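Reader: I am new to this structure. Please show me how to read its features, one at a time.

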Amino acid sequence: MTKLSQPLTFKRGLTIKNRVVMAPMTTCMSFFDGVVTKDERDYYALRSGEVGAVITAAANVQENGKTWEGQLGVYDDRFIPGLSQLAGAIKRNDTKAILQLFHGGRMTNSSVLRGEQPVSASAIPAERPGAETPRALTTEEVKTLIDSYKQAALRAIKAGFDGVEIHGANTYIIQQFFSPHSNKRNDEWGGGLEKRFKFINDLVDAVTEAVDNSGVSNFIIGYRFSPEEFETPGIRLADTLFLIDQLADKPLDYLHISINDYKRMSISSEYQDKTIIQYIFDQIKGRVPFIGVGDIRTKQQAEELLNSADLVALGRALLIDPHWTQKVFDGRDDLIRTEISEYDREELLIGNGTWAFMKNLMPDRLIKK
Ligand SMILES: Cc1cc2nc3c(=O)[nH]c(=O)nc-3n(C[C@H](O)[C@H](O)[C@H](O)COP(=O)(O)O)c2cc1C
């Protein structure tokens, strides 16, 4: 038995049966209004049962956080019945279901928001073609935003999920509050590194307190972050090591990096001795379980990653082969499917939206011509 098949128990009591986690991946399969579809449930059910946990696609905590058509919603009680069916589809054969909580901030646009201007920490557009200038949230709106994450976590409990993941990565609104590029606020949530961390601190406190006061047991709370930004100014690895140091002492059940190559090195010249993941793992010093990720294809790579992480998340590998985990546990990794083509989509239950999304994120070697 490898470490990959060992269970892990989180601080809040939940045990997952092995170290493989399905990475959160936006499916664009929900209805126009954010309600879960049957296609989406089937897509998850196909990939569940073998992995220890499935982290869902990003779900909007506010209507104006929506960033793609067909995105999941969790911003109203009316979503609870559908989310409950989704949790049920995932919770097969003891796989745990974790709902990812999201707000896109300045990364959305007024077309997806049906004419509304996107919001962010400050009125600064992202550095990408066609980016719209967002409106800076008022102090009251920041408090409402924090409350929205809390309400979303309580809905996830009602829907029967085993946990939530706060999506603080991939340039979306939480990262926008932490980044010196997008946060130029003058109030309690803006300024130097520590003040830019205050939004995250307040948010994590609100969600953890709400969950702990809800009476639920064994419900976990994770936090996902991106280690670096390419903009100047932007988040650098030194800022992230500060962030991690703070978060590791908070009542969180896991920290989860977002990175597309587990061997990636930092863009900062002062951090060239080891991989980004190794720097993060060493900073955490075992205070909280750490999920590593990034182009894991084989059992050997997953086991190698477990030298600098407690759990391994797989994204594209599970899109291409939903049975990656069982094949690895059975010693039949030679049977793992390694490429995908347009013609495999029906069998793999990959809808148009997911296909468009994944093609952008797939290196050529994974797409069969
Ligand atoms: C189709 C697709 C959708 C994604 N959507 C999300 C998302 O909703 N939330 C998130 O945190 N990361 C998202 N990601 C990033 C993945 O969670 C993961 O970090 C990335 O794909 C690298 O892992 P992999 O090499 O195992 O695929 C997405 C990736 C893909 C391919």
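Reader: Which residues does Ser258 touch, not counting residues up to four places away in sequence?

Author: Contact means heavy atoms within 4.5 Å. By that rule, Ser258 touches Ala169, Asn170, Arg224, Phe225, Ser226, Pro227 and Val293. A word on the source: this is a predicted model, where local features need pLDDT of at least 70, side-chain atom pairs count only at pLDDT 80 or more, and totals for chains, interfaces and linings use all residues. Residues are numbered from 1 along each chain as its sequence is written, and side-chain values use heavy atoms, with hydrogens and water left out.

Reader: Where is Ser258 found?

Author: Helices (H or I, at least four residues) and strands (E, at least two) are DSSP runs, numbered from the N terminus. Ser258 sits in the loop between β11 (254-257) and α7 (276-284).

Reader: Does Ser258 count as buried or exposed, and why?

Author: Buried means under 20% relative accessible area, exposed over 50%, partly exposed in between (1.4 Å probe, protein chains only). Ser258 counts as buried because its relative accessibility is 13%.

Reader: Which side chain does Ser258 join in a polar contact?

Author: A polar contact is a pair of N or O atoms within 3.5 Å; within protein, one must be able to donate a hydrogen and the other to accept it, and residues adjacent in sequence count only if both atoms are side-chain atoms. Here the side chain of Ser258 joins that of Asn170, at 2.6 Å.

Reader: How many aromatic pairs does the structure hold?

Author: A pair of aromatic rings is described by the distance of the centres and the angle of the planes. Rings of Phe, Tyr and Trp (its six-membered ring) pair if their centres lie within 6.5 Å; planes under 30 degrees apart count as stacked, over 60 as edge-to-face and the rest as tilted. The structure holds 11 such pairs. Take Tyr75 and Phe79: their ring centres are 4.8 Å apart and their planes at 70°, so the pair is edge-to-face. Phe79 is buried, at 3% relative accessibility. Elsewhere, Trp68, Phe102, Tyr172 and Phe357 form one aromatic cluster.

Reader: Which residues touch the most other members of the largest nonpolar core?

Author: In soluble globular proteins, nonpolar side chains tend to be buried together. A nonpolar core is a set of buried Ala, Val, Leu, Ile, Met, Phe, Trp, Tyr and Cys residues joined through side-chain atoms within 4.5 Å. The largest has 114 residues; Leu83, Leu99, Phe161, Tyr223, Ile280 and Trp324 touch the most other members. Apart from that core lies another, of seven residues, including Cys28, Phe102, Met107 and Tyr172.
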